[in-house]
Amino acid sequence: MTPEDIYDIELISKGPLNIFKIYENFQACMYLVCGQEKKCLTDTAFGFGDLAAITGQLSPLPVTVVNTHGHIDHVLGNHYFDKAYIHPADRELYKEVADNFANIAEDAKNDETFGALIGDNDFSSVKFPSADDIGDGDVIDLGGKVLRVIGMPGHTEGSIMLIDEDEKICFSGDSILEHPWLFLEESQPLETYLDSLRRASDILKNSGIERIYSGHYSYKPLTLEDLDKLICGVEDVIAGKLEGKPFTNHAGSGLEYEIGEFSILCPEGTGAEGRISV
Ligand SMILES: [Zn+2]
Ligand SMILES: [Zn+2]
């Protein structure tokens, strides 16, 4: 298995300061934003291939790694780097992955899909990097390019997004996407997520953002119109106007609310289901 089999790399903003979308075997998306002095890698997916080498080929600049949140499909590839940044509220999730890295890597070798990707790589001596704090209002200065951090409690408490005002792009992680997951143990109440979305909508509109690239399913970027649809959908779920369909997947179960081609995955007892009829 070569990096070409694992990664689908697309130039989503052309130079002099390039931005690349790096799609990992149809699982998770990372983004490499180049400045004049540094580059920023947003998320590291599962890290099936050598991300330090791959990002090094795309740009020789020193790298700053930022995780949009602490889930394994966004941080596991951090081990190719010396340091990363994460919101302190997701530090526990990060620590879980960091502490169990050797076992996770060993288990993955026996997995039907992942085993072939990992091959015989020996991860036993790998040191998972520590992560420094990053949060709402922080700025990542890449030299001639600045990325702004927006706190987005919802999917997880420590979820963040990054915006590039020059290129009018938002990197939304798992906060704004086609099928947001709010049913996880670490997810915040739907009302908290709604507050985050409304605040983000104001910021993105004021910044003139045109493209929203998420951590998954990024066949095409989302727009501010899509964000508005998502906000209306969450409002309707909270108001009990929509009927949820029970679902179960590898991460748990709950109710899925369809909103056009999008859907919101909520815990049981959300919306109309959670109302007490008298
Ligand atoms: Zn996630
Ligand atoms: Zn994810």
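How many bridges join β13 to β14, and do they run parallel or antiparallel? Here are some notes for you, starting with that pair.

1. **Ground rules.** This is a predicted model, in which local features need pLDDT of at least 70 and side-chain atom pairs count only at pLDDT 80 or more, while totals for chains, interfaces and linings use all residues. Residues are numbered from 1 along each chain as its sequence is written, and chains are lettered from A and ligands numbered from 1 in the order in which they are written.

2. **β13 and β14.** To take up the opening question, 5 bridges join β13 to β14, and the two run antiparallel. Helices (H or I, at least four residues) and strands (E, at least two) are DSSP runs, numbered from the N terminus; two strands pair if DSSP finds at least two bridges between them. Across the pair, F247 stands opposite G254 in β14. Of the 5 residues of β13 (residues 245-249), the number buried is 0, so the strand lies largely in the open. Here, buried means that 20 or more other C-beta atoms lie within 10 Å of a residue's own, exposed means 12 or fewer, and partly exposed is in between, with C-beta atoms placed from the backbone.

3. **Helix α8.** Buried in α8 are L227, L230, G233, V234 and V237. They share one side of α8, because they cover an arc of only 120° around the axis; the arc is that of the directions from the helix axis to the C-beta atoms. E225 and C232, on the other side of α8, are exposed. As a reminder, an α-helix has 3.6 residues a turn, so residues three or four places apart point the same way.

4. **Around α8.** The cover over the buried residues of α8 includes α7 (190-206), β12 (211-214), β14 (252-259) and β15 (262-266). Just after the helix, G240 takes a positive phi of about 75°.

5. **The five-stranded sheet.** An open sheet of 5 strands has the order β8-β9-β10-β11-β12, with mixed pairing. Its edge strands, β8 and β12, each pair on one side only. From one strand to the next, the twist averages 25°; axes are lines fitted to C-alpha atoms, for helices over the stretch in contact, and angles run from 0 to 180 degrees between N-to-C directions.

6. **Inside that sheet.** β8 (residues 139-141) and β9 (residues 146-151) run antiparallel, joined by 3 bridges, and D141 has V146 in β9 as its bridge partner. Their hairpin has 4 residues between the strands, and in it G143 takes a positive phi near 80°. Antiparallel too are β9 and β10 (residues 160-164), with 4 bridges; R148 has I163 in β10 as its bridge partner.

7. **L32.** This residue lies in β3 (residues 28-34). L32 is buried, because 23 other C-beta atoms lie within 10 Å. Leaving aside neighbours within four places in sequence, its contacts (C-beta atoms, placed from the backbone, within 7 Å) include I19, F20, L41 and L58.

Notes:
Contact = placed C-beta atoms within 7 Å.
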